[in-house]
Amino acid sequence: MSIEITDEQQDFLGITNKGKLSAASKRALKWPTNLGKDWFFDYQIEDLKGDLAYEEGVVRRDPSAIIKFEGKYFVWYSRSIGPTQGFGGNIAEDKVFPWDRCDIWYATSYDGITWKEEGLAVERGESGTYDNRSVFTPEVMEHEGMFYLSYQTIKGDYTVRIKNEVGLAWSNTPYGSWEKSEEPILKPADNGVWKGETQNRFAVEKKGDFDSHKVHDPCIIPFKGKFYLYYKGEQMGEAITFGGRQIRHGVAIADNPKGPYVKSEYNPISNSGHEICVWKYNDGIASLITTDGPEKNTVQWSSDGINFEIKSVIKGAPHAIGLNRSVDAEVHPTHILRWGLTHKYMNDDYQYIQRFTTWEMTHHTAKGE
């Protein structure tokens with residue numbers, strides 16, 4: 001089957017011979033005709049000042065989105081103390097991961113650079129509750145004068161096969177106090193089957209849905225009169241593929257911020273990704289996909305919040321992003337990314353929050369050009 005190529009396509013793509021097309025050239029010819037630079041950006045990372053500067057012995061990570069209230073920026077984050085022992089330690093007493101035995105704290109800033117740690121926002125639940133081991137990876141949503149924090153939860157001992165869930169808290173002020181949901185608002189799919197009794201997360205008889213093991217990194221977005229809860233799914237028996245870890249995203253939809261949330265029948269809505277980073281743009285939803293999968297480090301966009309298409313590829317995109325939701329995201333496809341927060345591993349035990357700054361790239365120049 002012959003492929004029709006215009007002179008303009010041949011010139012832009014640098015194709016030598018219209019009659020001799022490589023697989024790469026055939027793929028390029030399928031790219032959108034309006035492919036441009038609007039969704040592309042470059043970035044830099046810098047340390048913060050004040051209480052969010054690195055502090056030995058303290059874990060601060062997973063920054064939420066940033067909101068502005070009464071002239072100050074607010075951010076929430078996972079916070080824990082002490083080193084990580086892993087699954088070889090005393091699980092009943094020690095920390096398995098840096099995000100184990102976390103509570104959610106918050107900080108404020110007038111300039112987005114120097115931050116003051118204000119204290120505890122949401123703490124772990126009492127013994128026997130669904131969030132008594134750890135509450136972490138928070139995200140904030142402001143809607144009609146109320147503030148909502150969604151976050152991951154763990155109950156009981158942090159074993160290899162433990163199933164993470166999603167909790168919710170709400171307040172009429174970002175200072176709190178926060179009222180927590182009595183039950184999780186989102187749970188993993190219940191259709192995978194472990195193989196044997198040994199704590200081995202790769203041993204399965206049936207893998208189940210993309211989120212059969214864990215639901216992570218929740219983010220609620222008001223969209224088209226409903227509430228879209230985007231989340232990362234981890235599958236039982238997770239595999240390594242040509243894109244790395246087998247991680248995908250899903251969405252659950254509710255009529256009310258507090259739920260109930262119903263998972264989309266179209267899940268998963270990505271074949272790649274790690275932490276959720278989504279924002280509204282041009283009557284649709286944009287998503288920065290990072291870290292894992294064959295489409296990692298891409299910016300994608302969907303008109304319906306479910307069916308996403310790649311808009312750009314970002315070299316080593318910043319991860320675990322806390323977006324600055326105080327800006328007007330409609331100014332430009334990546335305007336909301338001009339500055340925000342991320343986190344860095346100082347080592348396996350301790351992480352801290354940093355700031356990222358981005359800018360549009362119009363063309364590439366050499367030194368002195």
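Predicted model: local features only at pLDDT ≥ 70, side-chain atom pairs only at ≥ 80, totals over all residues.
Me: What makes Pro63 and Phe356 contacts of Gly322?
Reply: A contact needs heavy atoms within 4.5 Å. Gly322 touches both of those, along with Ser64, Ala65, Ile66, Gly340 and Leu341, once residues up to four places away in sequence are set aside.

Me: Which strand holds Arg61, and why does Arg61 count as buried?
Reply: Arg61 sits in strand S3 (residues 58–61). The cut-off is under 20%, and Arg61 comes in at 5% relative accessibility, so buried it is.

Me: What makes the pairing of Arg61 with Tyr345 a polar contact?
Reply: The limit for such an N or O pair is 3.5 Å. The side chains of Arg61 and Tyr345 make theirs at 3.0 Å. The side chain of Arg61 also has a polar contact with that of Gln351, at 2.8 Å. Both partners turn up among the residues in contact with Arg61, a list including Tyr77, Trp99 and His343 as well.

Me: Why is Arg79 with Glu117 called a salt bridge?
Reply: The rule asks for a side-chain nitrogen of Lys or Arg within 4 Å of a carboxyl oxygen of Asp or Glu. Arg79 and Glu117 meet at 3.2 Å, N to O. Arg79 lies in strand S5 (residues 72–81) and Glu117 in strand S7 (residues 114–122), so the pair ties together parts 38 residues apart in sequence. As for the general idea, side chains of opposite charge can pair when their charged atoms come close.

Me: What makes Asp100 and Arg133 a salt bridge?
Reply: Their closest N and O atoms are 2.7 Å apart, and the limit is 4 Å. Asp100 is in the loop between S5 and strand S6 (103–109), while Arg133 is in the loop between S7 and strand S8 (134–143), so the pair ties together parts 33 residues apart in sequence. Asp100 counts as buried at 0% relative accessibility, and Arg133 counts as buried at 4%.

Me: Why is Glu360 called partly exposed?
Reply: Buried stops under 20% and exposed starts over 50%. Glu360 has 40% relative accessibility, so Glu360 counts as partly exposed.

Me: What makes Arg201, Lys232, Glu234, Glu238 and Arg245 one network?
Reply: They are joined by salt bridges that share partners. By the salt-bridge rule, the count comes to 17.

How values were computed: Residues numbered from 1 in each chain as written. Heavy atoms only, no water. Helix = DSSP H or I, 4+ residues; strand = E, 2+ residues; numbered from the N terminus. Buried < 20%, exposed > 50% of the residue type's maximum accessible area, 1.4 Å probe, protein only. Polar contact = N/O pair within 3.5 Å; in protein donor to acceptor, adjacent residues only side chain to side chain.
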